[in-house]
Amino acid sequence: MSRKPPKGSPPSARRRTAWRWVVGLALIASTAGAAFVLTRKEPPAPAPSTPRPAGFLPTKPNSAPASAPAPDGMVWIPGGEFSMGSEDPTTDSVCGGHDPMPDARPIHRVYVDGFWMDRTEVTNEQWEKFAQATGYVTIAERVPTQEEFPTAPPENLVAGSTVFTPTPGPVPLHDMFQWWRYQTGANWRHPEGPTADLKGRGQYPVVHIAYPDAVAYAAWAGKRLPTEAEFEFAARGGLSGKTYVWGDELKPGGKWMANIYEGKFPVQDTAEDGFAGLAPVAQFPANGYGLHDVAGNVWEWCSDWYRPDYYARLAAGGVARNPQGPESPWDPSEPTEKKRVHKGGSFLCTDQYCTRYMPGTRGKGEVTTGANHLGFRCVRSGAASK
Ligand SMILES: [Ca+2]
Ligand SMILES: [Cu+2]
């Protein structure tokens, strides 16, 4: 097993604060290798108490239609029973790409109630309305205090966020700090740093959003964040066990279906899909449920805590009904960080490094850490479960 850092996610932290100062630590953690630790230290899966499917079974959507007209900008996701997770990448059907993903196995049966989901990622324009209406200040905009970080040198207590920067030439892909930097003054209004602005970017997904920021927006909008199971049910669009949210072919009919990364990672994005970096929302075809960008563009927050062994625990209990995630977070590669699940991958996803734009895969992120490839969308419970 090769040694790899967590794929696709920015360096953790409250690292955002004393980022440069703790980078050394995180670096040790990441080069120690998430994959290595996962395979070595993950507790064995509990013995299944009921027989469970060895692979993907058909999705059985609920037949009940939506009980009300769709809220503005949302679509009805019928809910139902489906198979969640990724194939073992050593088998023919490589759902996880070239990247071993023990945390996305075993494939297990899950049932979710029907719900409404935003058709697109939350945009800058939508976030601006929220910020104007409420005066909400995101975590990336707040100056970290000495109280929060008693041991950090005062000069490191600066507001900012994590920004992707292409490298001048090819680099070994085991060290994400080569292409992630802590950028002073980066936040949703200034995605690449103080000199960047949102002119012409109203329809781009809002980025540099930490988990509590997304929760605050959702509450204001009368919505909530999706659970991981809801996100995956919705992203699969009624299909089962397909590699991509649109099917098994990366480019059906030669057409790109998502904003991901082409060219040599992380040196140059050749933008064959039309976009180097972020794209405005809904530039690619919707999936089977009418959702755009549930693969690629920006990672999206889910409400579940992250644990690598959660799927194994669920699989042991038969069909999991409306799972809400484990009671507490645990990431063996950074055991002191509290992480929640990210889904959907981003404009940085590529077969060369991270294939987690595939629907059965999982991302994770420390809750106060934003980045310029991380956003969210909201859901609203259906009438039945209100
Ligand atoms: Ca792209
Ligand atoms: Cu990725």
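Q: Where is the place of Pro285 in this predicted model?
A: Pro285 belongs to the loop between β9 (268-269) and β10. The model is a predicted one.

Q: Which residues is Pro285 in contact with, leaving aside its neighbours within four places in sequence?
A: Its contacts are Trp246 and Met257. Contact requires C-beta atoms within 7 Å. The separation of 8.9 Å between Pro285 and Trp246 refers to their C-alpha atoms, and these two residues are 39 residues apart along the chain.

Q: Why are the buried residues of α4 said to line one face of the helix?
A: In α4 (residues 211-220), the buried residues are Tyr211, Asp213, Ala214, Tyr217 and Ala218. Viewed down the helix axis, the buried residues of α4 fall within an arc of 160°, and therefore they line one face. In general, an α-helix has 3.6 residues a turn, so residues three or four places apart point the same way.

Q: What covers the buried residues of α4?
A: The cover includes α3 (124-134), β10 (299-305) and β12 (339-343). Just after α4, Gly222 adopts a positive phi of about 70°.

Q: What makes β12 mostly covered?
A: Burial requires 20 or more other C-beta atoms within 10 Å. Five of the five residues of β12 are buried, and the strand is accordingly described as mostly covered.

Q: How do you know that β12 pairs with β13, and in which sense?
A: Pairing requires at least two bridges between two strands. Four bridges link β12 to β13 (residues 363-366), in the antiparallel sense. His342 stands opposite Gly363 in β13. Three bridges also join β12 to β10, and these strands run antiparallel. Here the bridge partner of Trp301 is His342 in β12.

Q: Why are β2 and β15 placed at the edges of their sheet?
A: The open sheet consists of three strands in the order β2-β5-β15, with antiparallel pairing. β2 (74-77) and β15 (379-381) each have a single partner strand, so one side of each is left without a neighbour in the sheet. Neighbouring strands of this sheet are turned by 25° against each other on average, direction ignored.

Q: How many bridges join β2 to β5?
A: Four bridges join β2 to β5 (residues 115-118), and the two strands run antiparallel. In β5, Trp116 is the bridge partner of Trp76.

Q: Which members of the largest nonpolar core touch the most other members?
A: Of its 81 residues, these are Met117, Ile209, Ala214 and Ala234. Ala214 is also among the buried residues of α4. Leaving aside neighbours within four places in sequence, Ile209 is in contact with Thr138, Trp188, Ala214, Gly370, Leu374, Gly375 and Phe376.

Definitions and conventions: Residues numbered from 1 in each chain as written. Chains lettered and ligands numbered in written order. Predicted model: local features only at pLDDT ≥ 70, side-chain atom pairs only at ≥ 80, totals over all residues. Core = buried A, V, L, I, M, F, W, Y, C linked by C-beta atoms within 7 Å. Buried ≥ 20, exposed ≤ 12 C-beta atoms within 10 Å, placed from the backbone. Contact = placed C-beta atoms within 7 Å. Axes fitted to C-alpha atoms, helices over the stretch in contact; angles between N-to-C directions. Arc of directions from axis to C-beta.
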